[in-house]
Amino acid sequence: MIDMQQTPKVRIGQALAEAVADALRTDLAQQERALLIVSGGSTPVPFFEALSQVDLPWERVDVTLADERWVPETDSDSNTGLLKRHFLQNKAAKANFVPLTTQHATAAEGVAELTAVSQKLSWPASVVILGMGDDGHTASLFPDSPQLEEGLTTDAPLLAVTAPSMKTKSRITFSRKQLKNARRHFIHLSGAAKREMFTKAFGGDDIREYPIRSFMDTPVALYWAP
Ligand SMILES: O=C1O[C@H](COP(=O)(O)O)[C@@H](O)[C@H](O)[C@H]1O
C-alpha cells in the first residue's frame, strides 16, 4: 500500500514494488520458478526496501543483477552488497540470489562461469528493472565503453566491459538481447538530471549515443520520482 505521508522517492519505490510483486505472483501461478533481474546503483534503495517486505513465495524466486561492478561484495561500489543490505532481507531473505561475480581476478575470466550459471535460470525473466545513469547508460552498457557495440549486438547473454568514465571501470553486464528476454520491463529513475536525460534519450534514435535508447523498441513502464 502506498503511504502518502512518504517522500516521492519512497512512494515510487512502493508502487514499483507492488507492480513487481504482482508480476511475480502472476508468473508463479503458472510456473515453478520466476526470475527477477534488478539494477544496482543508488536509485533502487526505496524500491528494494519496499519489495523486501512483500509476502511472496520467495523461495521460488531467483534474483540476479542486470550488471555488476567487478569489486568484492564488501566494496561500497558493489551492487551485490547493495542488494544484501537493502533487499535480500526480511521476507525476501528466502529468495535465491545469483551473484554476477566469481573468484576470478577479472570479469573477462569470470564471464564463462557466469554464463553457464545464467543459462540455468528461468528465462524469459518475469521482470527486468533498468536504471539509467546521467550519461544515458543502462546496466553496464556505457556510451564511452570500448565494448558498447558488442553489448548492443551480441547474442551472448553476458559480457565483460570497461567503463572509462566510472570509478569502477571493470564490470560485467547482461547484453541488450538478453535483457530483452523478459515478459516485462520497468525503468526506474529519480531526480531532475535523470528526467532531463530521459527526455533527451527518448527524443532521438542513436542507441550508441545513449544506450538506454536500445530499449525504446520494447514496451517499458517508467517509474520516475521527482
Ligand atoms: O553503474 C550503474 O549505474 C546505473 C544507474 O545507477 P544510479 O546510481 O544512477 O541509480 C545502474 O542502473 C546500474 O545497475 C549500475 O551498475
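**Contacts and overall form**

Residues 24 or more positions apart account for 72% of them. I note that this is a predicted model.

Next I looked up the extent of the chain. Its C-alpha atoms fill a box of roughly 45 × 40 × 35 Å along the principal axes.

I then took the secondary structure. The chain has seven helices and nine strands.

**Record entry**

I checked the UniProt annotation. An unreviewed entry gives "domain: Glucosamine/galactosamine-6-phosphate isomerase" for residues 12–223. Over residues 12–223, I find 31% helix and 21% strand. The end C-alpha atoms of that stretch are 6 Å apart.

**Core**

How much of the chain is buried? I read 43% of the 226 residues as buried.

The largest nonpolar core holds 57 residues. Leu36, Ile37, Ala66, Val127 and Val128 touch the most other members.

I followed Val127 further. I left aside its neighbours within four places in sequence. Val127 is then in contact with Val20, Ala23, Leu36, Ile37, Ala182, Arg184 and Phe186.

**Ligand shell**

Which residues surround the ligand? I list Ser39, Gly40, Gly41, Ser42, Thr43, Ala66, Asp67, Asn79, Gly131, Gly133, Ala139 and Ser140. The shell divides into two nonpolar, nine polar and one charged residue.

**Two single residues**

I looked up Ala19. Ala19 lies in helix H1, residues 8–28. Is Ala19 buried or partly exposed? It counts as partly exposed, because it has 17 C-beta neighbours inside 10 Å. I also took its separation from Leu65, 46 residues apart along the chain. Their C-alpha atoms are separated by 18 Å.

Then I turned to Ser52. Where is Ser52 placed? I find Ser52 in the loop between helix H2 (45–51) and strand S2 (61–65). Ser52 has 19 C-beta neighbours inside 10 Å, so it counts as partly exposed.

Leaving aside neighbours within four places in sequence, I see Ser52 in contact with Phe87, Gln89, Asn90, Lys91 and Ala92. Ala105 is 53 residues from Ser52 along the chain, and their C-alpha atoms are separated by 31 Å.

Key:
Residues are numbered from 1 along each chain as its sequence is written. This is a predicted model: local features need pLDDT of at least 70, side-chain atom pairs count only at pLDDT 80 or more; totals for chains, interfaces and linings use all residues. A residue is near a molecule or strand if its C-beta atom, placed from the backbone, lies within 6 Å of it. Ala, Val, Leu, Ile, Met, Phe, Trp, Tyr, Cys and Pro count as nonpolar, Asp, Glu, Lys and Arg as charged, and the others, Gly among them, as polar. Helices (H or I, at least four residues) and strands (E, at least two) are DSSP runs, numbered from the N terminus. A residue is buried if 20 or more other C-beta atoms lie within 10 Å of its own, exposed if 12 or fewer, and partly exposed in between; C-beta atoms are placed from the backbone. Two residues are in contact if their C-beta atoms, placed from the backbone, lie within 7 Å. A nonpolar core is a set of buried Ala, Val, Leu, Ile, Met, Phe, Trp, Tyr and Cys residues joined through C-beta atoms within 7 Å. UniProt positions are given in the numbering used here, feature names are shortened, and annotations may be inferred rather than shown by experiment.
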